[in-house]
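User: I would like to go through this structure with you, starting with its overall fold and then its charged residues. Could you bring it up?
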Amino acid sequence: MGTTIRDVIAAVTAPAGPIGRTVDGLLFGHPDDEVKGILTAFMPTQRVLEEARAAGLNLVIAHEGPFFSHHPSFAETIAFDPVYQAKRSFILESGLAVYRLHDHIHGYSPDGIMEGLIEALGWTGFTIRHLTAASIVERESTTVRAVAEELKLRLGLGFVRVAGDPDAPCRRIGLLVGYRGGGANAIPLFGREQVDLVICGECPEWETPEYVRDAVRQGRAKALIAIGHAESERPGMRLLARRLAAAFPHIPVRCADEEPVFIWL
């Protein structure tokens, strides 16, 4: 027997050490099955699963779950939905194993998803501190607009969303991946960490963006850039793929990309 799913799971969870309650786990497949290939992804979308099957990669390691909620129990709510049923049947009939790696990779030191984003942006040398839910970057003085263009270039994005004055000066940045851009995480960074700009994946529109709107009205140069949940976390799964390829050189490994979930009309 070669490398098993259990072996790969041990490798991707070990850097975080033991954690308590978690959404992570093997959702489909058997831990003692042999791994023929690994596909990492932000989310195991229908297209990503089809890509894994077509390529003969039988282990999908995804950051988010396959059934449209952070909580696995949501699958019970949509048990009779035809989209859910078709997707579940596809996974079972394809013999794919699906492992969700969310809490453990966020528990790496530094956070494995954040590390991937910082690396993709070329900002490793600018990072001055890692907090529990954010990282602080300090760089040469620039503008919010220039940072937005840099994000688009480095991450291959067609657009980003900006709250605040795009031409405001910017030097100190708070970086938050995924859904961490909500007010409880992001707003204190403007005060406690004295950031000029917060970059996040996504956030409730009535929290941090509205704080920024009021700050600007009061004459305070603050701004927010939202790049998209998947767009902020996909680089971390790309980094994971490279690490898995180095750890298991005899196993094909790659990261699946996906088109943006929204189009602008």
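User: What share of the contacts between residues at least 6 apart in sequence join residues at least 24 apart?
Analyst: In this predicted model, the share is 71%.

User: Which secondary structure elements does the chain have, and how many?
Analyst: The chain has ten helices and eleven strands.

User: And the overall dimensions? What is the radius of gyration of the chain?
Analyst: The radius of gyration is 19 Å, which agrees with the value near 18 Å that a compact globule of 265 residues would have. Along the principal axes, the C-alpha atoms fill a box of roughly 65 × 40 × 35 Å.

User: What percentage of the residues count as buried?
Analyst: Of the 265 residues, 49% count as buried. The chain exposes about 13000 Å², and carbon and sulfur atoms supply 54% of that area.

User: Turning to charge, how many positive and negative side chains are there?
Analyst: There are 27 positive and 33 negative side chains, and the centres of the two sets lie 3 Å apart.

User: How many salt bridges does the structure hold?
Analyst: The structure holds 20 salt bridges. One of them joins the side chains of E138 and R172, at 2.6 Å from N to O. This pair links distant parts of the chain, with E138 in strand β6 and R172 in strand β8, 34 residues apart.

User: Are those two buried or exposed?
Analyst: E138 is partly exposed, with a relative accessible area of 29%, whereas R172 is buried at 16%. Both residues belong to a network of salt bridges that also includes R129, R192 and E193.

User: What about D257? Which residue forms a salt bridge with D257 at 3.9 Å?
Analyst: That residue is R234, the 3.9 Å being the separation of the closest N and O atoms. R234 lies in helix α10 and D257 in the segment after β11, so the pair ties together parts that are 23 residues apart in sequence. R238 also forms a salt bridge with D257, its closest N and O atoms being 2.9 Å apart. R238 too lies in helix α10, so this second pair ties together parts 19 residues apart in sequence.

User: Where is E233, and what does E233 touch?
Analyst: E233 is in helix α10, which spans residues 229-247. Leaving aside residues up to four places away in sequence, E233 touches F42, H63, E64, H106, I113, V177 and G178.

Definitions and conventions. Residues are numbered from 1 along each chain as its sequence is written. This is a predicted model: local features need pLDDT of at least 70, side-chain atom pairs count only at pLDDT 80 or more; totals for chains, interfaces and linings use all residues. Side-chain values use heavy atoms; hydrogens and water are left out. Helices (H or I, at least four residues) and strands (E, at least two) are DSSP runs, numbered from the N terminus. The radius of gyration is taken over C-alpha atoms; the globule rule is 2.2 Å times the number of residues to the power 0.38. Buried means under 20% relative accessible area, exposed over 50%, partly exposed in between (1.4 Å probe, protein chains only). Contact means heavy atoms within 4.5 Å. Accessible areas come from the Shrake-Rupley method with a 1.4 Å probe; for residues, only the protein chains shown count as cover. Lys and Arg count as positive and Asp and Glu as negative; His and the chain ends are not counted. The place of a charge is taken as NZ of Lys, CZ of Arg, CG of Asp or CD of Glu. A salt bridge is a side-chain nitrogen of Lys or Arg within 4 Å of a carboxyl oxygen of Asp or Glu.
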